[in-house]
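Me: Please take a close look at one part of this model for me: the place where the two chains meet. Cover the backbone details that deserve a check as well.

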Number of protein chains: 2
Amino acid sequence: MSHSKPPARVTINDVAEYAGVSTATVSRVINRTGPVAAETEQAVRAAIAELNYRPHTAAKILASNRTNTIGLIFPQISGYYFAPLLRGIAACAGEYGFDLLIYSVQEGSAPREPFTYPIGDQNTDGLVVFTEGLPEQELRRLCEIAFPVVLIHCTPPEGLRIPSVTIENKASARQLVDHLIEVHGRRRIGFLAGPKGHEDSYWREKGYREALAAHNIPYDPALVGVGGFNEAIARAAVEKWLQEGVEMDAIFTGDDDSATGALAALTAAGKRVPDDVALVGFDDIDLARYLNPPLTTVRAPVEQVGHEAVRQLVRLIRTGEAEPLILLPTQLVIRQSCGCP
Amino acid sequence: MSHSKPPARVTINDVAEYAGVSTATVSRVINRTGPVAAETEQAVRAAIAELNYRPHTAAKILASNRTNTIGLIFPQISGYYFAPLLRGIAACAGEYGFDLLIYSVQEGSAPREPFTYPIGDQNTDGLVVFTEGLPEQELRRLCEIAFPVVLIHCTPPEGLRIPSVTIENKASARQLVDHLIEVHGRRRIGFLAGPKGHEDSYWREKGYREALAAHNIPYDPALVGVGGFNEAIARAAVEKWLQEGVEMDAIFTGDDDSATGALAALTAAGKRVPDDVALVGFDDIDLARYLNPPLTTVRAPVEQVGHEAVRQLVRLIRTGEAEPLILLPTQLVIRQSCGCP
DNA sequence: TTATACAATGTAAGCGTTTACATTCCCGAA
DNA sequence: TTCGGGAATGTAAACGCTTACATTGTATAA
């Protein structure tokens, strides 16, 4: 593995010279822009192949001011939905002929210089931003220069007209809790919130409260804990409830990971699910149907969210217009943990 | 959402002019290269903030011939290991101060123009390539120009000295099958291979055959099927065995997804696991411990693989040297599906 | 006092493309 | 025969940055 520098880069000039044409013609061949005689084209292609020429992306971007690339910014990489979401995004970008660049904001890392991300308006034609991937300040700046951005699972900051796509969190949560109340007659229903400031959790809680209100069940703060969308935290939260003797006949954990933790706590304490305490989650992770009892939950069209986000972004790039808000419908997945047979 | 073009881009010239210095000085401030008087620096920073200046990445790359970025190329996005692997890669890149650019090769899409990827030697300092992310031809070209590349879960093509990092597939499979034979006395052990040409599967099968050979168990082709690392395919494969009356007292499915399918087939056919047929998988997916019986399997340090790959790549970039092959150790996870109590 | 060294800054030549504009050539219409 | 017009191609000026080299000023050593 020697460290010797490679020979000088093959440039468009080399190709032009080799093919006996001008750089403009080579460029035309490569980008299929402007007319080129068949014969000339062949000579150029031969030269390209012979010299093993690769256009220099940075130079191309600089000169053309177009990137044909869309960027994706992630706050951190984890969660069951990451892979399908990314798949949807990558697939849709491909469909529209865009390349995809992804940048994951490191959790621990200090905020960048002023705010210079490796991807942004200088090397992409548009950005898909997942949850809190970008600070408000940066979002504002992009908005000001009318740079196309689409948000995923995130409401745009006050006053910024940025299109966003997410799922029917509130309506689904409402449905889930309605089910618990109407079908299974539960009335003391606990809720385990996600991490502080989590947008999905916010709306799910809203749906939970709406369901209560609609059935004249008073809201009891003692029945709302923090599950952090995390198995261990949720388990601890439920254990605490149990220990404190909080009465309840059902729990809506904000997501399925929490449900797993809640189930463990409940089972360990000798509570029967769903007989003593019904349990419902959100997300329909792989595990959900293998839990004992199988978990009643909500399935979100994760891949489709990614797909739709890119569709909107491309529309925004091409026409300057996009749907301000897209709420993708979810699907109730009734299994046994809610009490259904 | 208007489509009006944003005002002209703020360039380093604007900043220089505004701050009353030369562009060189501005560049020095931004990149902390060369000495700058405190007073001057302040003026420059103020100008940057005032004008809301952002360096143009493409221009910077073009001029400096450095990118401070490493690229990751994926064949397609899926699989349980995707998120942790990416996390490891992103985290390590961050540690070394590199940005990360990711490109996922679309499955269906036709191969690109000659072979021009959106990321490569022109916009990254090095590449991490996952399995068959890049065709051999491209790999060869990169090798020729001495461009730093590290492979993940993939042996370099004949004659190419490209460092690679993967896991102890063969040794772990061997261990697993040894366990089946030595501890549980099984001798008719089936194997479900992964997709055609899958590198991990190849080595796991090798480990399987080694274990058989070491115990003087003849290799029986009838006991080797294709599970495709996929639940449905694996299920069908096992059903076919059952239907054809193939005798067996254990199955080593190449991965856990297959194990799930195999388990379903076995259970549906009234076979008891592990009493009639012991079952072991590979990967230790989340689900594994929730199966009934809980699945004996192997845990791979997926995140660490990503981490190590980047570590080697950075080393390669900086010194031109790297470990040719790194095999990360795995961990046997004994649960009940193999027959252990 | 003078030579020296270094800190601070400026000048301008690239980096590898694209593309507006100019040029040449050829063909068919008048 | 002449001329307009497009097809095919070339010329050269950007694009926004880095950086080698030049310049200036100031402090220190001799």
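**The contact and its surroundings**

Reply: B:P274 sits in chain B, in the loop between α10 (256-268) and β9 (278-280). The model is a predicted one. In it, the peptide bond running from B:V273 to B:P274 is cis, and omega is near 10°.

Now the contact itself. Chain A gives 53 residues to it, and chain B gives 53 residues. On chain A, several elements each supply at least two residues of the side that touches chain B. They are α3 (38-51), α4 (57-64), α5 (82-95), β2 (99-104) and α11 (302-319). The largest share comes from α5(A), with 7 residues. Sorted by class, this side of chain A has 28 nonpolar residues, 18 polar residues and 7 charged residues.

How do the two chains relate? A rotation of 180°, with 0.1 Å of shift along its axis, superposes chain A on chain B. The RMSD is 0.1 Å. This is the relation of a two-fold axis. Both copies use the same surface: 100% of the contact residues of chain A recur in chain B. Which residue of chain A comes closest to the rotation axis? A:A58 does, with its C-alpha at 2.2 Å.

Next, the backbone of chain A. A:N52 is not a glycine, yet its phi is positive, about 60°. A:N52 is placed in the loop between α3 and α4 of chain A. Is A:N52 buried or exposed? A:N52 counts as exposed because it has 12 C-beta neighbours inside 10 Å, and the cut-off for exposed is 12 or fewer.

A:T131 also has a positive phi, about 35°, and is not a glycine. Its place is the loop between β3 (126-130) and α6 (136-144) of chain A. A:T131 has 18 other C-beta atoms within 10 Å, so it is partly exposed.

Chain A has a cis peptide bond too. This bond joins A:N292 and A:P293, with omega about 0°. A:P293 is found in the loop between β9 (278-280) and β10 (297-299) of chain A.

Last, confidence. The mean pLDDT of chain A is 89, and 95% of its residues reach 70 or more. Residues 1-6 of chain A are another matter: pLDDT stays under 50 there. For these residues the model has 12 contacts beyond four places in sequence. Where pLDDT is low, predicted coordinates should not be read in detail.

Definitions and conventions. Residues are numbered from 1 along each chain as its sequence is written. Chains are lettered from A and ligands numbered from 1 in the order in which they are written. This is a predicted model: local features need pLDDT of at least 70, side-chain atom pairs count only at pLDDT 80 or more; totals for chains, interfaces and linings use all residues. Two residues are in contact if their C-beta atoms, placed from the backbone, lie within 7 Å. Helices (H or I, at least four residues) and strands (E, at least two) are DSSP runs, numbered from the N terminus. Ala, Val, Leu, Ile, Met, Phe, Trp, Tyr, Cys and Pro count as nonpolar, Asp, Glu, Lys and Arg as charged, and the others, Gly among them, as polar. Copies are superposed by least squares on the C-alpha atoms of residues with pLDDT of at least 70 in both. pLDDT is the predictor's confidence in each residue, from 0 to 100. A residue is buried if 20 or more other C-beta atoms lie within 10 Å of its own, exposed if 12 or fewer, and partly exposed in between; C-beta atoms are placed from the backbone.
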